[in-house]
Amino acid sequence: DAAAEHGAQLYPASVPGCGILGGQPVDLAGAPFKWAATCEREVPKYQTARLAQIRPDLVIWLSGWDRDDRLVDGQNVSMTTMSGRFVFARLIDDAAARLTSTGARLVMMTVAPPSPTELYPDPPKDAKFEQMNRLLRDFARSHADRTSVVDLARMLCPNGAHPCPEEVSGVRPRPRDGNHFE
């Protein structure tokens, strides 16, 4: 509705349960999520097809999945390690190159920690949010000709403290589980 009010067309191009980055997301125990087995193969194909179909001027990158540890080339990779951050930076570069391949500008949205909800009253603190946001900001800074960042994390968590508030400016943007927008 907001896009239409401003004369913009908004086309969804996400794959549920998958992020934007390559690799296969894994759970806290390091096991791959069963539903994400095809993410690494299917997401790039789907994105490339949508880009060719739509030919957007702007692509918005928003994914909470991308902060998760993942299997990359058979290895479990975490952004909490120096070597993992290098791998994540490469994955970001690969995805950004794909998403801008038709000439679109890329806007990367930072990811906010969850807010408490009735289902999850005390969401755990996770440093991977800030690590991911730092990688996104670093990438955008070094590719300012085609990429910028919108600090969605600051909008949803205006005081910067964990957890984010359930309500911001009279709106509950993630009421069901503190993560997914509705």
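Visitor: Which residues does Arg176 touch, not counting residues up to four places away in sequence?

Guide: In this predicted model, Arg176 touches Thr117, Leu119 and Glu182. The C-alpha atoms of Arg176 and Thr117 are separated by 6.7 Å, although the two residues are 59 residues apart along the chain.

Visitor: What makes the pairing of the Arg176 and Glu182 side chains a polar contact?

Guide: The two side chains come to 2.8 Å. A polar contact requires a pair of N or O atoms within 3.5 Å, so the value of 2.8 Å for Arg176 and Glu182 meets that limit.

Visitor: Why is Arg176 called partly exposed?

Guide: Its relative accessible area is 45%. Buried means under 20% and exposed means over 50%; Arg176, at 45%, lies in between and is therefore partly exposed.

Visitor: How do you know that β2 and β5 pair?

Guide: Pairing requires at least two bridges. Strand β2 (residues 58–61) and strand β5 (residues 105–109) have four bridges, in the parallel sense, and therefore qualify. Trp61 has Met108 as its bridge partner in β5, and Met108 in turn has Val149 as its bridge partner in β6.

Visitor: Why do β2 and β6 stand at the edges?

Guide: The open sheet has three strands in the order β2-β5-β6. Each of β2 and β6 (147–150) has a single partner strand, so one side of each is left without a neighbour in the sheet. From one strand to the next, the twist averages 25°.

Terms used. Residues are numbered from 1 along each chain as its sequence is written. This is a predicted model: local features need pLDDT of at least 70, side-chain atom pairs count only at pLDDT 80 or more; totals for chains, interfaces and linings use all residues. Side-chain values use heavy atoms; hydrogens and water are left out. Buried means under 20% relative accessible area, exposed over 50%, partly exposed in between (1.4 Å probe, protein chains only). Contact means heavy atoms within 4.5 Å. A polar contact is a pair of N or O atoms within 3.5 Å; within protein, one must be able to donate a hydrogen and the other to accept it, and residues adjacent in sequence count only if both atoms are side-chain atoms. Helices (H or I, at least four residues) and strands (E, at least two) are DSSP runs, numbered from the N terminus. Axes are lines fitted to C-alpha atoms, for helices over the stretch in contact, and angles run from 0 to 180 degrees between N-to-C directions.
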